[in-house]
Amino acid sequence: MNRALQTMCTRLFTRPLLNLSSGILPNAGVNFIPCASVRHHKLNDQQMRLRYKKLHWHKFYDDKWVQRRGGGWDEKITSENADFLQEMVYETYAEQESPLKDGPWQRGKFTADPETIRTGVIGLKLGTLPQWDKKGRKFYVTLVQIVDNHVINYTPPEMINFRTLFTTRPLRRELQGKVGMLVVGALSCDPRKFTRAYNGLFEKAGVPPKRKLTRFFITPNSVIKPGTPLYATHFRCGDYVDAQARSIDYGFQGAMRRYGFRGGPSDEYGATKFHRKRGTVGSGRKHKILPGTRMAGLMGNKLVMMKGLKVWRINTKYNILYLMGPSVPGPNHGYMRIQDSTLYERKKLFTEENHPPFPTYYRDDNDGKPLDEELFADDIYRFDQPTLTLDDVQVTPLTSRRTTAKTAQKKK
Amino acid sequence: TVKLNFWHPLEELLRCSHVHERSLSDLATDLTGENISSVDLPLIDDKFNYIMKIQYNSLHSCPRCRLQVSEKENELCVRCFTYSQKCIFKNKIEQQQKMALSFSTANKFLLNNQQILRSVLISSIRYKQRGHIPDNLVEHHRQSPLGKLKAGAAVGAFPPKNDTDKELRSTPHDFKYVFPDFLPNPLPYLRDRILERLERRDMFRRRQQIDIPEFYVGSVLAVTSADPYAPNRRHRFVGICLQRERHGLKHQFTLRNIVDGLGVEIIYELYNPTITKIEVLKLERRLDDNLAYLRDAPPEYCTFPFDMEPVKLPPGAGVPLNTIQVPITSIHWQYKWERHDLKGVLLPPLPRSVRKAAKRYAEPWRQWDIMRQYRTEIHDDEKAEIYEDIEKHKEDLAQYRIDSKENVKITRARPKSGARKAIFNDSQQSNTSTTQ
């Protein structure tokens, strides 16, 4: 998708498609809300190689990472010793003083003018469910559970070398030099599974080592102290969110499956050796195959970002977000990065008076009262409400369409 | 024994089936309490008019419906109406004879089975994906003590799944027949415990608002839904239920009727909030799970008048089984019905080639396919959890109904209008009416 088309689509989808504020239904009788979110187009392999001038550009940062997996050999210890070791592991993390004992860092102020970027969160994709809105229209919703997230580390912008940075989410030029880097981890594990170097990363946070780590680039005013847990209530119902994940791996697939080419007819029509092929590969004149020609190859297993997903519901007990659409990338039980949306029309909804919990939702935020187990957006139908009787819905009366001849006649 | 004096329609139904030899008296002996696991309809004063009382039968012998048939020759299983030749429980010599396949057929059997096994594997596992964790690890992390040790624990405060006090509740034997929407996702890798729990919660909440009765494929329903384009803001459709698909909140059923000479089918989502009322006008079962062949049948088998009176069944009666054999008279068929192993269909005389092809595509081993049966059921370890939810829902519903009866004040705050009045009356009726 070329750049022009992409910007056009972004602008199109961020404006409200249907005028939901008024009680008028469109005449077409739409009973289904399609997920109007944008798939962010990443640069393809060839463009990335040109940019980074390396053949194996995806192994860019391997030598900078710490060896992760450790243990795994049979230590041949008795069962009582094994139980004892397990208990010791739990005790060390229970007794360890949380860095939060001195209280969290001072909470910054949300500023709209120099823009503010909050952290994101790591979630686990659970699956899809149908939900209905108050007009009786059905849409699908993806459940994402935020299990065991903690902030691990913060580096201020002065300490980051932006020239050598390589990220899962492209960093805008104007932000380089102004954003700090926050490392967030999910799913605590036994430290015996990892190397000492990896476990050392978590000492500052005072948290058991995590299975999955990511970086989030944030403005310095939204900094969070390492060791703070992150919950699903970091987002509010009705806000918009970007979800990034690695798409499902389909393996080596032909052009028909991969790019949706039409292929050829079946054998019934006498087609000789042309059923699922790509067809022609070049033009008549140029004696070469243009780089970027779409052919068979590995499909899926790429980082994909879905932008502008609405948060319809939040379950605070299990820390689950209900995100709009069934088309969230990734397989079930796959990791996802979730952040506030960067779409222009959604970002400008955040003002100094109306912004999500900043820098994050802390446990004591709700004046000490426990939160409701389920939080809903305004326009969703809750199942404990009475049946939807669409009595107060005004329907535009059917009028015959005026042709140009008739309008001309009328003008006379 | 059950008194059958009032059960007149069944006699007529029996007459149009193949079974001419059997009489009502035979049926009487079949319907004894020891013989069948009957599904009782609720009594008038029963509040839980959508949950059935089931008599659990200890011996289950028929492979299709696990019903014990008495020791008689040429006996029919009353629930699934398969002939005793096909049942494997009795007359083991016959069974062994049938199972002893010849060499060539055995080869074909194995080959076909391989394909089946492969498809089973593909549907039950997902090839290893990057960036996803196996199911057991997900559960481990949800309940891991490492996540809950600190005061600022990030994991929610839900109680862990107790394995110690697992008293296997007696789930109704016919659970999957009465609640097909509570059956699990057929694809195992798309299943998640928390997802299903939240889904069930939504389903129970919806069942508190509206009375979702028990119905089967072949019963005649009347569904009223809110339609802003209709003059009275309500759209009522009567039809015979052709099929029930999907699991959970997505559960759908199709109703077919012939309106002004034109066949009309409407697919309703069971949990759609715009559905105001679901009435069962005629509760019965048919011999098949899918009645799509009615599209190719003569129109009298699908026509039901919109002002049809509900057929009242006596309390304590089982769900009647309509053994009607529908003739397919249409010239062009939608599917090749001869290959589908349909019980309730009277096929016209077919050319020999068609019959041979049907034999070739037949899959007689399906009745012994345990894995398929396994995948359509809820298993014991999950049954406990689900039935626990249902019991809790029963209590909640009872409480809700008590509360609503005590506190309801009928006031006309809103101005009277024709449409509003109709709705009010309907809602009152639905609270007190039952599926009888």
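Of the 412 residues in chain A of this predicted model, 42% count as buried, where buried means under 20% relative accessible area, exposed over 50% and partly exposed in between, with a 1.4 Å probe and protein chains only. Chain A holds 7 helices and 16 strands; helices (H or I, at least four residues) and strands (E, at least two) are DSSP runs numbered from the N terminus. Among the contacts in chain A with a separation of 6 or more, 80% come from residues 24 or more positions apart, a contact being heavy atoms within 4.5 Å.

For pairs in contact at least 6 apart in the sequence of chain B, 66% join residues at least 24 apart.

Residues are numbered from 1 along each chain as its sequence is written, while chains are lettered from A and ligands numbered from 1 in the order in which they are written. In this predicted model local features need pLDDT of at least 70, and side-chain atom pairs count only at pLDDT 80 or more, whereas totals for chains, interfaces and linings use all residues; side-chain values use heavy atoms, with hydrogens and water left out.

The model scores ipTM 0.81 and pTM 0.71. Chain B averages a pLDDT of 68, and 53% of its residues score at least 70; pLDDT is the predictor's confidence in each residue, from 0 to 100. Over residues 94-111 of chain B the pLDDT is below 50, and this stretch has 6 contacts in the model beyond near neighbours in sequence. Residues 115-122 of chain B also stay under 50, with 5 contacts beyond four places in sequence. Where pLDDT is low, the predicted coordinates should not be read in detail.

The two chains meet through 55 residues from chain B and 68 residues from chain A. About 5400 Å² is buried between them, of which carbon and sulfur atoms give 57%; this buried area is the accessible area (1.4 Å probe) that two parts lose on being put together, summed over both. Across the interface, 19 residue pairs are in polar contact, with both residues at pLDDT 80 or more. A polar contact is a pair of N or O atoms within 3.5 Å; within protein, one must be able to donate a hydrogen and the other to accept it, and residues adjacent in sequence count only if both atoms are side-chain atoms.

On the side of chain B that touches chain A, the elements giving two or more residues are helix 5 (135-143), helix 7 (193-209), strand 7 (275-282) and helix 11 (418-432). Helix 7 gives the most, with 10 residues. By class, this side of chain B has 25 nonpolar, 11 polar and 19 charged residues; Ala, Val, Leu, Ile, Met, Phe, Trp, Tyr, Cys and Pro count as nonpolar, Asp, Glu, Lys and Arg as charged, and the others, Gly among them, as polar.

Loops take part too. B:Arg233 is found in the loop between strand 3 (220-226) and strand 4 (234-245) of chain B. Beyond four places in sequence, its contacts include A:Leu390, A:Asp391 and A:Val393, and the side chain of B:Arg233 reaches the backbone oxygen of A:Asp391 at 3.3 Å.

Side chains of opposite charge can pair when their charged atoms come close. Over all chains the count comes to 29 salt bridges, each a side-chain nitrogen of Lys or Arg within 4 Å of a carboxyl oxygen of Asp or Glu. Between chain B and chain A there are 6 salt bridges. In one of them, A:Lys138 meets B:Glu269 at 3.2 Å, N to O. A:Lys138 lies in strand 4 (residues 138-145) of chain A and B:Glu269 in strand 6 (residues 262-269) of chain B, so the pair joins two chains. A:Lys138 is buried at 9% relative accessibility, and B:Glu269 is buried at 17%.

A second pairing involves A:Glu373 and B:Arg201, whose side chains meet at 2.8 Å, N to O. A:Glu373 lies in the loop between helix 6 (344-347) and strand 15 (374-376) of chain A and B:Arg201 in helix 7 of chain B, so this pair also joins two chains. A:Glu373 is partly exposed, with a relative accessible area of 31%. Salt bridges that share partners join A:Arg313, A:Glu373, A:Glu374, B:Arg201, B:Asp202 and B:Arg205 into one network. Within this group, B:Asp202 and A:Arg313 form a salt bridge with their closest N and O atoms 3.1 Å apart.
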